[in-house]
Amino acid sequence: MHDWIGAAPDASIPLQGSTRLRLDRSTFVADEIAVSLGGSNLEGRLTWHYVQESDLVDIVLRSSRIDVAELVAAFPPREGPSESPQIEATPAGKPSAEFTLPRTNIDIALDAVHADRIDLQEIRIGGRLRKGLIEDASISILVENDLRLQGGLDVDVRRLPATASLKATADNLDIGKLLRRMGMETNLSMQADGIALDVNTRGREPRELVTNLQMEAGLSGFNWKIPRTFGDVGVAANAF
């Protein structure tokens, strides 16, 4: 397990889990799923209507807290140079290895995600997994209880390395305020009418998905002011 998830061999985080299983003539249900891993928790329900729709699974997940900082501590960087995973070439005439996953309806709600420099709230993800693809799943994220990002999520797990892409936008961005909420000491005044984020990653294991994150951000209507003090007089200069 440690090798697959990329965790340190000596990593140790308390893990507890429980669920109630129910099987009848048409449905299998894993109800009251409750998992805690260190300071993180996850609850939910899995339903498989194996008679009516044998290849369809409904998954509902809820969490009041995910402590990313604690979890990342269990995934130290590997020794030696880090290389992005490459898709292996498939010999001519030989089919590429693909995963066969059931159709899945996904409903995820995370109340709080804590990291070293940023906190996220009210994360909502709703989508459908079909033939190893999640295409244009709806996603909504509140950043530092201030900035609401909304957009779409695409995931491809048909073969390794898996890929994921997030495109999201937000309006009325106060960058200076956001940086201060993240613990950065700055008195810069920076605002933007809007922001468009494009986040991509790929990997064969959870650690790689995190370390291979790439993000581009486009700002519209950007304006900032740099405070400059001359004696007892403060002057704000428009940079743009």
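Two strands are taken to pair if DSSP finds at least two bridges between them. Strands themselves (E, at least two residues) are DSSP runs, numbered from the N terminus. The structure described here is a predicted model, in which local features need pLDDT of at least 70, side-chain atom pairs count only at pLDDT 80 or more, and totals for chains, interfaces and linings use all residues. Residues are numbered from 1 along each chain as its sequence is written, and side-chain values use heavy atoms, with hydrogens and water left out.

Strand 10 (162-174) runs antiparallel to strand 11 (residues 189-203), and 12 bridges join the two. Within this pairing, Ala164 faces Thr201 of strand 11. Strand 11 is in turn joined to strand 12 (residues 214-220) by 7 bridges, again in an antiparallel arrangement. Here Val199 stands opposite Met215 of strand 12, while Gly194 has Ser220 of strand 12 as its opposite residue. Strand 12 is hardly covered: among its 7 residues, the count of buried ones is 0, where buried means under 20% relative accessible area, exposed over 50%, and partly exposed in between (1.4 Å probe, protein chains only).

Pro161 sits in the loop that links strand 9 (147-156) to strand 10, and the peptide bond leading from Leu160 to Pro161 is cis, with omega near 5°. For context, most peptide bonds are trans, and most residues other than glycine have a negative phi.

Glu122, which belongs to strand 7 (residues 119-130), is not a glycine, yet its phi is positive, near 50°. Glu122 counts as partly exposed because its relative accessibility is 33%. Lys131, also not a glycine, has a positive phi of about 55°. Lys131 lies in the loop between strand 7 and strand 8 (133-143), and with a relative accessible area of 72% it is exposed.

Another loop worth a visit is the one between strand 3 (40-48) and strand 4 (56-63), where Gln52 is placed. Is Gln52 buried or exposed? Its relative accessible area is 69%, so Gln52 is exposed. Along the chain, Gln52 and Ser26 are 26 residues apart, and their C-alpha atoms are separated by 7.0 Å.

Notes. Helices (H or I, at least four residues) and strands (E, at least two) are DSSP runs, numbered from the N terminus.
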